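Subject: Structure handover

Hello,

Here is the structure you are taking over. The findings follow below it.

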Amino acid sequence: MSKPVKAAVFGTGSWGTAFGMVLADAGCEVTLWGRRAELAGAVNSTHTNPDYLPGVELPVNLRATTDAAEAARDADFTVLAVPSQTLRGNLAEWVPLLAPDTVLVSLMKGVELGSAMRMSEVIEDVAKVGPNRIAVVTGPNLAREIAARMPAAAVVACADETVARRLQSACHTPYFRPYTETDVIGCELGGAVKNVIGLAVGIADGMGLGDNTKGSLITRGLAETMRLGLAMGADPLTFSGLAGLGDLVATCSSPLSRNHTFGTNLGKGMTLQETIAVTKQTAEGVKSCESVLDLARRHGVDMPITETVVAIVHEGKPPVVAVKELMSRSAKPERR
Ligand SMILES: NC(=O)c1ccc[n+]([C@@H]2O[C@H](COP(=O)([O-])OP(=O)(O)OC[C@H]3O[C@@H](n4cnc5c(N)ncnc54)[C@H](O)[C@@H]3O)[C@@H](O)[C@H]2O)c1
Ligand SMILES: O=P(O)(O)OC[C@H](O)CO
């Protein structure tokens, strides 16, 4: 009998825990790493994560520890599920502990501030491993729905398709259907930019605007994501798949999305500080809207919705003024 696949998941937040559950349900031996002993204790003793997924019963073969070396030991897959902006510092501490041939798997949907690096680039930079040992999991995967074992599809992307297939088989369950991809750039951009568009749609919802506005923001948001992707060497077809349209629709429609909810609160008139204060989990788009705009400028790409989100979130532009400006841009053909 072949030995079970071992996975370490660094991050016991919503998605780290839910994806750990997926891996465990798929038959992997999974160890979650978290910073807080009481949370790791709760996972081990009550098989719940009361802070991030209250009411969800976790599999008994999902264990947790605060000892990073213990989690990392002999892991075939080392899954990273911390906020995008802390990844660099976190990973630097874990690199000496990693199993020699482990595949590093990014669950994160952000772009690093300052460097404008995608998460796989940060991993490559810090861990000094090649693209064939770095994979990305993305798609329409709201953690709470996955944790409730509601059916969903996902994408596992790696430059090396064999590695993507290994990961696909490690996380395939009756409720979680992963497809393989080799377009890592497209998959990561789809995940990072949908958070920014999710903020925009949330703002519009909070302002009481309608479904036409939502449909327009989703479609034009996808258009600007694709423009950036093309400039960066992504395959444009990726954006009509799960990592693009699929995730955009889930995020922009769901009250479970932290980015959408964050935008809704801003659109209702809360200040940035008030909105941050009521946001308990990571809403990646809040910081990544700036790094996505940075990427767009580096590549000479026009991203008006992203620019508008940055102006509302970070420059205090009133949403009503921002909408007026967005709508009064010069007329142009739909495709350019
Ligand atoms: N929640 C989802 O539905 C979902 C789905 C797909 C992808 N993602 C992505 O997964 C990533 C993680 O999101 P999440 O939902 O698990 O966030 P979360 O806020 O629920 O959890 C974040 C985790 O990181 C830990 N953390 C925070 N700061 C840290 C630091 N400085 N050092 C180490 N650990 C730290 C927290 O304690 C927590 O365990 C994000 O990039 C997000 O976009 C989330
Ligand atoms: O809650 P959000 O906005 O981070 O979205 C969660 C997932 O990325 C949806 O696929």
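Which residues does V79 touch, not counting residues up to four places away in sequence? They are A7, A8, V9, F10, F19, V105 and L107. Please keep in mind that this is a predicted model.

Core

V79 also belongs to the largest nonpolar core, which has 104 residues. The residues with the most contacts inside this core are V79, L80, A135 and L167. Helix α8, residues 184-206, gives the most to the core, with 13 residues. Both domain 1 (6-182) and domain 2 (192-327) are represented in the core, each with at least three residues.

Overall fold

The chain contains 15 helices and eight strands. Its C-alpha atoms fill a box of roughly 65 × 40 × 35 Å along the principal axes. A compact globule of 336 residues would have a radius of gyration near 20 Å, and the chain, at 19 Å, agrees with that. Of the 336 residues, 51% are buried. As for contacts between residues at least 6 apart in sequence, 71% of them join residues at least 24 apart.

Ligand 1

The shell around ligand 1 has 25 residues, and the closest are G13, W15, M108, A143 and T282. Helix α1 (residues 14-25) supplies the largest share of this shell, three residues. By type, the shell around ligand 1 consists of nine nonpolar, 13 polar and three charged residues. Domain 1 (6-182) and domain 2 (192-327) each provide at least three residues to the shell around ligand 1.

Ligand 2

Ligand 2 is surrounded by 14 residues, the closest being N141, L142, S257, R258 and N259. Two or more residues of this shell come from each of α8, α10 (242-253) and α11 (258-267). The residues around ligand 2 divide into three nonpolar, seven polar and four charged.

Regards

Technical notes:
Residues numbered from 1 in each chain as written. Chains lettered and ligands numbered in written order. Predicted model: local features only at pLDDT ≥ 70, side-chain atom pairs only at ≥ 80, totals over all residues. Helix = DSSP H or I, 4+ residues; strand = E, 2+ residues; numbered from the N terminus. Rg over C-alpha atoms; globule rule 2.2 N^0.38 Å. Buried ≥ 20, exposed ≤ 12 C-beta atoms within 10 Å, placed from the backbone. Contact = placed C-beta atoms within 7 Å. Near = placed C-beta within 6 Å. Nonpolar A, V, L, I, M, F, W, Y, C, P; charged D, E, K, R; others polar. Domains from an automatic or database assignment. Core = buried A, V, L, I, M, F, W, Y, C linked by C-beta atoms within 7 Å.
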